[in-house]
Amino acid sequence: MDKITLLIENAGQILTCAAGADDLVGAKTGCLVAVAGDRIAAIGTRAEIAAAHDLGGAQVIDAQGGLVMPGFVDCHTHLVFHKSRVEEYAQKVQGRTPAEIKAMGIPTGITATAKMMREASHDDLADSAAERLAQMLSFGTTTVESKSGYGLNTATEIKMLEVNQMLGERQPIEIVSTFLGAHEFPNDKSRDAYIAEILDEMIPEVARRGLAEFNDVYCDDGYYTVEESRKILQAGLDHGLKVKIHTDAYSHIGGSTLAAEMKAISADHMNYTDPAEYPLLRDAGVVCVVMPALDFAVGHARPFDARGLMDAGVTVALATDMCPGCWLESMPFVVQLACRLYQFSPAEAILAGTRHAAMSVDRADRIGSLEAGKQADIAIFPYARFEDMAYQLGRGRARMVLKAGAVVFDAGDSL
């Protein structure tokens, strides 16, 4: 008999997001969530829980008729960066081209951020990223994938991954670290020299020090070719780093087929993915991560085909793509964009930001759904029903967030 340490009662709805739910999100009413230590012990009526567990002395949280659901898993971010590219963004929203913006003397793109990164200390980067994480937590996010990729040399790529470790120790959100040395090419090295640095220096050092779990590459026209990407991803595999890939964001050169071939954990962006590749991705078990806020922020000319992917049986996840070109901390806003602009149902969008997102970082065995035995990562929102998250535009602050059974955000404390 488990000793229950915490009970969440008076929920309007509880979403389990467990596999096999007829409504996709496993909505329950008239139930409580029982937590034992850092794990979920049971979801059921008070009588059912009391019959199987010891409730004596349990902390009680009143959900006040709100929505209780798994914490969001923000599965694609470039969380660690220095300063911003607000001048570039302000010109882009006025319709100016990258060439016109450069002619104005405004640095642009990944290489502009890389230059700023090289000037920043570990503490500079950790402090600014921690502010963003605090906002993410307030919107119900309990796990964040954080990529390198703004260093473009060994020292700065390693610095970014070290900052990921610092962030994991300094605040409650779990940080999933991804190496993305192959994000762009630096201005001070040849293409071949930089790829050699990734293969011979970066990947071995990242693996030796255990600084990342995943190895990612930007496989797209103007970035890394399919063969270059295959070589880099295979080198990561040889060093124990699991495969992720940015692909089909602005062209179609075969990155999704490569993702299926290498059984990537996830393939991300997918704007130009050929429908003929959908069955390949589905059968290989690749999770496709799509990011409506990025398409919104850049005014993408070809939005991704989420409906086509889902109808083909591909597992689709949602993420913010938090980065200097898409500054967004709110997963509920991602849900709203996905529903209004990309034909997700509210249930599909919430599932994509929880269990499916957990799959895309290889953690669905312990987070992403509310089930007995899983980690008690829980968000409580002031919604009467889950559809309100899609309907109430611009809102999305949580009332309370728990990470591993502990309250780590309480909106009442911040008033």
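The points below are a colleague's note on a predicted model, taken topic by topic.

1. On the annotated domain, the unreviewed UniProt entry lists residues 67-389 under "domain: Amidohydrolase-related". In the model, the end C-alpha atoms of residues 67-389 lie 9 Å apart, and the span is 45% helix and 15% strand.

2. The sheet to inspect is an open one of 8 strands, with parallel pairing and the order S8-S9-S10-S11-S12-S13-S14-S15. Strand S8 (72-74) and strand S15 (316-318) stand at the edges, and because each has a single partner strand, one side of each is left without a neighbour in the sheet. From one strand to the next, the twist averages 25°.

3. Within this sheet, strand S10 (residues 174-182) runs parallel to strand S11 (residues 214-219), and 3 bridges join the two; Thr178 stands opposite Phe214 in S11. Helix H7 (residues 191-209) lies across S10 and S11, running at about 155° to S10.

4. The cysteines deserve a brief check, since a disulfide requires sulfur atoms within 2.5 Å. The sulfur of Cys17 has its closest cysteine sulfur in Cys339, 13 Å away, which is too far for a bond, and the count of disulfides comes to 0. Cys339 is likewise in no disulfide, the nearest cysteine sulfur being that of Cys17. Cys17 is buried, with a relative accessible area of 0%, and Cys339 is also buried, with a relative accessible area of 15%.

5. Two residues other than glycine have a positive phi and may be worth a look at the backbone. Asn10, with phi near 60°, is found in the loop between strand S1 (6-9) and strand S2 (13-15), and at 45% relative accessibility Asn10 counts as partly exposed. Asp321, with phi near 60°, is placed in the loop between S15 and helix H13 (331-342), but Asp321 is buried, with a relative accessible area of 3%.

6. A search of the whole structure finds 29 salt bridges. Lys92 forms one with Glu88, the closest N and O atoms being 2.9 Å apart; both residues lie in helix H2 (residues 86-92), 4 residues apart, about one turn of the helix. Lys92 counts as partly exposed at 39% relative accessibility, whereas Glu88 counts as buried at 4%. Another salt bridge joins Glu371 to Lys374, with closest N and O atoms 3.2 Å apart; here Glu371 is partly exposed at 29% and Lys374 is buried at 10%.

7. Asp362 forms a salt bridge with Lys242, the closest N and O atoms being 2.9 Å apart. This pair links distant parts of the chain, with Asp362 in the loop between helix H15 (355-360) and strand S16 (378-381) and Lys242 in strand S12 (residues 242-247), 120 residues apart. Both partners are partly exposed, Asp362 with a relative accessible area of 38% and Lys242 with one of 26%. Asp362 and Lys242 also belong to a network of salt bridges that links them with Glu174, Glu213, Arg363, Arg366, Asp377 and Lys403.

8. Gly57 counts as exposed because its relative accessibility is 81%. Gly57 and Ala390 are 333 residues apart in sequence, and their C-alpha atoms are 37 Å apart in space.

Note on methods: Residues are numbered from 1 along each chain as its sequence is written. This is a predicted model: local features need pLDDT of at least 70, side-chain atom pairs count only at pLDDT 80 or more; totals for chains, interfaces and linings use all residues. Side-chain values use heavy atoms; hydrogens and water are left out. Buried means under 20% relative accessible area, exposed over 50%, partly exposed in between (1.4 Å probe, protein chains only). UniProt positions are given in the numbering used here, feature names are shortened, and annotations may be inferred rather than shown by experiment. Two strands pair if DSSP finds at least two bridges between them. Axes are lines fitted to C-alpha atoms, for helices over the stretch in contact, and angles run from 0 to 180 degrees between N-to-C directions. Contact means heavy atoms within 4.5 Å. A salt bridge is a side-chain nitrogen of Lys or Arg within 4 Å of a carboxyl oxygen of Asp or Glu.
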